[in-house]
Amino acid sequence: SYYEKFADGTVKCIDEEIPFEIPESWEWCRLGNIITVLGDGIHGTPKYDENGDYFFINGNNLEDGKIIIRASTKTVHISEYERYQKPLTKRTVLVSINGTLGNIAFFNSEQIILGKSACYFNVCENIDLSYIKNIIDSKYFHAYAHDQATGSTIKNLSLLAMREILVPLPPYKEQIKISQETSKLEFIVENIEDNKEQLSIFIKAAKYRVLDLAIRGKLVPQDPNDEPASALLKRIKAERLESKKKASKTSDNSHYENLPFEIPKNWVWLSGYECFKPMTSVKPIEKSFCYIDIDAIDNIQNIVKSPKVILTSEAPSRATREVNDGDTIFSMVRPYLRNIAYIDKTLSSCIASTGFFVCKPMIALHPRYLYYMMLSDFVVNGLNQFMKGDNSPSINNDNILSWFYPIPPYNEQVRIVGTVQNLHTLLDDASLLVQ
């Protein structure tokens, strides 16, 4: 339990006020217990003097530990300064308590007087000022400030609320260490801020590097107990034979005279004719339908982001590609733009444009592995070489069907999919930090 001792010797249990647990060597204390004075600025307007040497500042002049003097900041004569000056020292912390809450600055001998939206307090010796800044900058303080503030339009935090806030206080040496580590992290964050574009490019490249490793058999360990991919090929051939679809290629790697890279022994190279079921066409029969064209693709996230609902009577002639759950759509127009997306159940009732090749996986292929494979640099860059046309350079169906793809055993496909998803999630989280 936590107790607070008062000046008259009485003690009160404050367990209900404690916001979170702290290490045993720390203590909870009120801000008022570790400061010598607390107050705010004048609750009125001083007499301005354009030629004055002293600045009249408020909470909006406090920014990330510094007092910011702006072109619009008013000045006053020394007589006004002497009238309204406060006992500011090298131990003074300034915090905005009116309007915007929680802006903070240290006093550094600036020639200033304070307005009412800036409060000040002088911190006792053996309390690290940077640690106090960390407290004021924290979500904990801002949540407390907004909870205690009064006013609906303009928020105001009272001096009493400032004095009463509970401060988690570590030993002095630990305060210093915390401040040092915080400074290091802030430096890293500032570098991230300065290099957002480069980091975003790096993260995107890393995601494609993951896919490249995946399709080369280098992302997950090989399992000798996996059924070899050659067995998949037999099932694929049986599936094609059963559906009476003629296979125009074979899986013998000799058909790929110059293999682009070496794959594990239990993998196989398959042409698109063997990987994909034939595409099917469909016409809208309802009054309206969901249409996926190139504009509907978000090629950063590689998702169908904004499919269109259009009237069947206004259906474009290109709206004939049937899509089903587990398909991957691959834009044949400017393939280097990677307008590629996975079709899930929510999109399986849509109709896609003939500008897409619909990759329908054979039963022996994991749909998500197929999707990641089609996103890889190997496939995208490889198919780019077949582009023709000046205005809208494109590839055709045969380019995709004649290309050869690296196919692992099915169990390994499953492991690859799980690993890729986990790594992409981590990279997406890193991307959010960059933003």
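In helix 9, the residues Tyr369, Leu370, Tyr371, Tyr372, Met373, Met374 and Leu375 are buried, where buried means under 20% relative accessible area, exposed means over 50% and partly exposed lies in between, with a 1.4 Å probe and protein chains only. Because seven of the nine residues of helix 9 are buried, the helix is largely enclosed by the rest of the structure; helices (H or I, at least four residues) and strands (E, at least two) are DSSP runs numbered from the N terminus. This is a predicted model, in which local features need pLDDT of at least 70 and side-chain atom pairs count only at pLDDT 80 or more, while totals for chains, interfaces and linings use all residues. Residues are numbered from 1 along each chain as its sequence is written, and side-chain values use heavy atoms, with hydrogens and water left out.

- Ser376 lies in the loop between helix 9 (367–375) and helix 10 (377–384), and at 0% relative accessibility Ser376 counts as buried.
- Leaving aside neighbours within four places in sequence, Ser376 is in contact (heavy atoms within 4.5 Å) with Leu211, Ile215 and Arg338.
- Helix 2 (residues 129–137) is likewise mostly covered, with seven of its nine residues buried, and Leu129, Tyr131, Lys133 and Asn134 are among them.

**Nonpolar cores**

- The largest nonpolar core has 53 residues, and those with the most contacts inside it are Phe276, Phe330, Met374, Ile400, Tyr405 and Ile407; such a core is a set of buried Ala, Val, Leu, Ile, Met, Phe, Trp, Tyr and Cys residues joined through side-chain atoms within 4.5 Å.
- Apart from that core lies another, of 36 residues, which includes Trp26, Cys29, Ile135 and Phe141.

**Overall form**

- The protein chain has twelve helices and 25 strands.
- The radius of gyration of the protein chain, taken over C-alpha atoms, is 33 Å, well over the 22 Å that the globule rule (2.2 Å times the number of residues to the power 0.38) gives for 435 residues, so the chain is more spread out than a compact globule.
- Along its principal axes, the C-alpha trace of the protein chain spans about 95 × 55 × 40 Å.
- Buried residues make up 46% of the 435 residues in the protein chain.
- Of the contacts in the protein chain with a separation of 6 or more, 75% are accounted for by residues 24 or more positions apart.

**Individual positions**

- Asn411 lies in helix 12 (residues 410–434) and is partly exposed, with a relative accessible area of 43%; Asn411 and Asp226 are 185 residues apart in sequence and 6.4 Å apart in space, C-alpha to C-alpha.
- Leu270 has its place in strand 14 (residues 268–271) and is buried, with a relative accessible area of 1%; Leu270 and Asp298 are 28 residues apart in sequence and 29 Å apart in space, C-alpha to C-alpha.

**Positive phi values**

- Most residues other than glycine have a negative phi.
- Asn126, in the loop between strand 12 (118–123) and helix 2, has a positive phi near 65°, and at 56% relative accessibility Asn126 counts as exposed.
- Asn302, in the loop between strand 17 (297–298) and strand 18 (303–304), has a positive phi near 55°, but Asn302 is buried, with a relative accessible area of 6%.
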